[in-house]
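Biologist: I have a structure to go through with you. Please walk me through it, one question at a time.

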Amino acid sequence: MILKIKGLYKSFPQDNHKNIEVLKNLNLQVEEGETVAVVGQSGSGKSTLLSMLAGLDRQSSGSLRIRGQEISEMSEVKLTQFRAENIGIIFQQFYLMPHLTAIENVSLPLEMFGHKDSQQRSRDALLQVGLAERETHFPHQLSGGESQRVAIARAIVIRPSILLADEPTGNLDNATGIQVSNLLFDLVQTTGMTLLLVTHNIELAQRCSRQLQLNSGSFQ
Amino acid sequence: MKNPPAFFWFKLAFRKLLNNRRFSIFFIFNLALGLAGFIALDSFKVSLDNHLGQNSKAILGADVALTSYVPFEENTLNVLEEKLPQNTLSTRKITLFTMVAAKNISRLVQITGVEDEYPFYGKMILKKNGIVESENIEQSLKFSDEVWVYPELLFMLGLSVGESIKIGEKIFRIADTIIDDPSSSFSSFGLAPRIYLGYSQMLETGLLSKKSRVSYQRLYRLPEGADLPGLNVELKNKINDFEGSESKIRILTHNRAGNNLGRLLGYINDYLGLVAMIAVFLAGIGAAYLFRNYLVHSFREISILMSLGATRQQTYRMVLWQLGLLGTGSALIAIIISLGILPLLPILLKQFLPNGFETQLSPISLMFALVLGGVGSLVFCLPVLSRIRTVEPLHLFHENIEQKIVNSSFWKKQVLSYIPLLILSWSLSVWQSHSLIVGSVFVGMLLVSILFLGCIAWLVLAMAGNLSQISGSTMKRLAFRNLQRNRTGAISCFLALALGTLLINLIPQIYQGLQEEVSRPDDFRIPSLFLFDIQQEQMETLQKTLISEKVNLNYLSPMVRARLEKVNGKNFVYSDKVALTREQERQQSFRRRNLNLSYRTELSDSEHIVEGRMLATNYDWDSGKPAEVSLEVRYAERMGLKLGDFLTFNVQEVLVEAIVTNLRRVQWNSFQPNFFIIFQPGVLEDAPSTFLGSIGGLDASGKLKIQNRIVSDYPNVSVIDVSRMVERALKISDQMVLALRLMAYLSILAGLVVVFSIARHEVDGRLWELNMLKVLGAKFSDIQKMIQIEFAVLGIFAGLFGVVLSLIMSYGISWWFFENLWKWTWPTSLASIIGVTSLSVGVASLATSRTLRSSPLTLLRAS
Ligand SMILES: Nc1ncnc2c1ncn2[C@@H]1O[C@H](COP(=O)(O)OP(=O)(O)O)[C@@H](O)[C@H]1O
Ligand SMILES: [Mg+2]
């Protein structure tokens, strides 16, 4: 089992000093290589869940284990390192560094830790997303679909054991969205990565091996 | 897991800056302008120090010298010279001031008698005969009684080379003029040009016995590697053992001679340095503003990096690299700019500079520039930098939720982040001014000004918000609204403009009063001539002579030379440690043991008692009480003396006890003879004394007539033309003010660059809404008008309050330092308000016109 969530709570303080509870007693178990879709209304807490899985935020209570390690018990430095080694993230808005070329964007997470073969590995990753010939292009020279493919390459280049995607096709038109999701599922299948996908696109959710509905703070 | 290669973060930072070229260029140029003046000044200062260091031996003409006001006794000299190392060379020199006359004109000159081997260091250069060989300098002079003179003397007296001149009782032939005298100094302000003659002829002039103030010097050239400081101490100890006039022998080492020369220039440089600091400060405000916006735009990228596994520390490091690169870039550009400014400084300060002085950009200044560029940009941007703390990669998941983690610790840290800035400014200004007090007062005033102006800006902007509700046209309303909305930008602009205005007004405003006071031509309070060295027995006849010429000798004061032995029973010590600050330096130059005393009861109209009571009229020797003395208040402060202190003076080997009975403030700009120490009558009358006095109300021909009469009848009396002296002083201070003004203009330029970059930035940030206005039907001219109103409002208020603050400060400074010589010239104030306003509007229009002209089509393209 790669991911195990038990009794997870998350609340945010509000201006009127009352907390709003976004996640309430959430439980989830994901096996290695599974693809899981999380669907739910806007504001239901999907991104909140992902940000905690990515180690970018901490839960209010409950347990959150990835590969058997309790995320909430890790120090900030440890967590950063854990994320850099195990977790790939894909955002709705792509978030490429505007002043770096495609290949530089992809190699960023490797170079940051001084991997020797970062060039070769990033080139491979770009090849995998079908953008080998766009290596030296800057983000503003790429279309939305291409940008997201570069972002996917950047997420997989570290060979993460778990891939988190927050509405990866949300900013793309239908046709491009389908292209990108095809690519994503192909990659997941060939590498055997675990995928946790947040979307409100039902078709996209259907392609996952399991679908979960997030409703008033927990899965139904 | 490994660490990234060392240059990884550097590379990332560099790429980012290249990508944000416009920001980088603005930041660099902005800061460079501020740094340039500072660097130029520093180079100038270093060059000067080097020059003086290298030339201090030439200035003294020796390694070390002994000076005395009486001829050296053979025995005394033997005792002292025993201490000198073997193979020390020596030569003699005598200097005195006297009047010389030729063709109905007479002038005060400095006569210098030298013998062979003078000078040991440096070369004297003559116009006709070139370099003087010091081995036989006296020989060449003695040969047919020749003298060499400074060229200006020929001009003053209407003489030319080859003609003769009478010095004392002897007639000499002017053989040559001196074009380079390594020992020349500006201390006499060129009032007494020099004449060189042979040592033995000096004795034949007959002046030595008549003059009260003759300086006898022995110059020594020590063998290579001699221990000068050690020798200095040994000689000093020996001299302390002497009694009588022997104990008044002074030791002059070459370092000290160089220091004296550098002191005046040092003062000027100090103040220039402080003004240049304001330019740095203004540039810093601009840089911080630019950086703030840049950083806020970088927050997303920082988040991305963190989500990819970068730690917060690492992202800090990247931003620090960026700042370092920007700072270094600024420093490099600043160095280039300062190469342009540097040659100007020697031209501006020509009057003060020693011959052969050249400015060079020293490696030390370059290092300093780089460090200041890096550290400075870091320190200025630290308060902004600390905002990285608030970056949360979490936001990448929720674009639209703004997270605020503003708690008390945030504010605490925010306040703390300003502390390095305070420390840097404070240490820079203390270092620049060489004075703890001046430096601290300067930073304090700067801080108070910024706080004051900041509050005003805040109020003005709040007011603008209210105005927007009642004012008529749409554009006006929008302009006022914008001012209220973009507070940081508006306040930064306001501060930059107001501080610049403050500075360019402050210096002329202070100077105005001084100049007015001093140059009033019909003011009879300023005397025409100063007479000194009058012997007691000449008094009566001199006064008769003057009465026959229908003039009065005023403020006649006796002058008695004495030495301060004890203060409250303890030996008076004067230290000669190396002075670190200007205060110490000044204190040391005041803490002399050899003093000039005078005596009288009445106060002159240019002085008043600040503490204590009037001196009693006549001293009663039988009372056994100490005599009463009055001290000038600032002199007392520097000497560390208070009301009621007991002083023991040695007046020609007679010990005189005195008690400080009052402290007096003297208005020195009255140019009347005045003394730091005044005794009550009845004490010093029997001591050998000379007199000085002044003559007022003479026109040019009257002055000439009196001067000539005195020179022919009383050759030992020296006469100084006061109006000429005042003229010289004014000319010199004109130059100083010009140099200060130049620096002030540099700082207003830095302020305008701030306005330029802020205006451009604000408009770029508002592009979307400006284009929206265009789509809704606003014309280019309407939008331009809106921007112009914004910056006109900022300009008017910044100018107004800058001027107001400059008036307050100049009043304070004039009141404190110059006895309330203050005069408001409202046209200048008005002109600078109008000037600043139009510059502000002009620069803002220039900065924004391209963006404003852009087609609203961009609205569709940019998403
Ligand atoms: N940092 C935060 N502070 C306060 N409320 C937050 C914060 N992050 C998320 N929320 C709230 O939590 C709820 C869930 O948000 P989110 O996870 O973004 O929903 P989804 O991704 O499912 O649309 C929303 O109501 C949102 O307002
Ligand atoms: Mg979401």
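Biologist: What should I know about the model and its numbering?
Modeller: This is a predicted model, where local features need pLDDT of at least 70, side-chain atom pairs count only at pLDDT 80 or more, and totals for chains, interfaces and linings use all residues. Residues are numbered from 1 along each chain as its sequence is written, chains are lettered from A and ligands numbered from 1 in the order in which they are written, and side-chain values use heavy atoms, with hydrogens and water left out.

Biologist: What percentage of chain B is buried?
Modeller: Buried means under 20% relative accessible area, exposed over 50%, and partly exposed in between (1.4 Å probe, protein chains only). Chain B has 863 residues, and the buried part is 54%.

Biologist: Is B:R194 buried or exposed?
Modeller: B:R194 sits in strand β9 (residues 194-198) of chain B. Strands (E, at least two residues) and helices (H or I, at least four) are DSSP runs, numbered from the N terminus. The relative accessibility of B:R194 is 10%, so B:R194 counts as buried.

Biologist: Which side chain does the side chain of B:R194 contact?
Modeller: A polar contact is a pair of N or O atoms within 3.5 Å; within protein, one must be able to donate a hydrogen and the other to accept it, and residues adjacent in sequence count only if both atoms are side-chain atoms. At 3.0 Å, the polar partner of B:R194 is the side chain of B:D181.

Biologist: How far is B:V722 from B:N466, C-alpha to C-alpha?
Modeller: B:V722 belongs to helix α22 (residues 722-765) of chain B. B:V722 is buried, with a relative accessible area of 1%. Along the chain, B:V722 and B:N466 are 256 residues apart; their C-alpha atoms are separated by 60 Å.

Biologist: Where does ligand 1 lie, and which residues come nearest?
Modeller: Ligand 1 lies between chains A and B. A residue is near a molecule or strand if one of its heavy atoms lies within 4 Å of it. Of the 13 residues around ligand 1, those that come nearest are A:G43, A:K46, A:S47, A:T48 and B:H398.

Biologist: How much of ligand 1 does the protein bury?
Modeller: A backbone N or O atom of A:G43 lies 2.7 Å from an oxygen atom of ligand 1, and one of A:K46 lies 2.9 Å from an oxygen atom of ligand 1. A polar side-chain atom of A:S47 lies 2.7 Å from a ligand 1 oxygen atom. Taken alone, ligand 1 exposes 560 Å², and the protein buries 78%.

Biologist: Which helix of chain A gives the most to the shell around ligand 1?
Modeller: The element giving the most supplies three residues. That is helix α1 (residues 46-53).

Biologist: What is the radius of gyration of chain A?
Modeller: The radius of gyration is taken over C-alpha atoms; the globule rule is 2.2 Å times the number of residues to the power 0.38. With 220 residues, a compact globule would be near 17 Å. Chain A agrees with that, at 17 Å.

Terms used. Areas by Shrake-Rupley, 256 points an atom, 1.4 Å probe, with all protein chains shown as cover.
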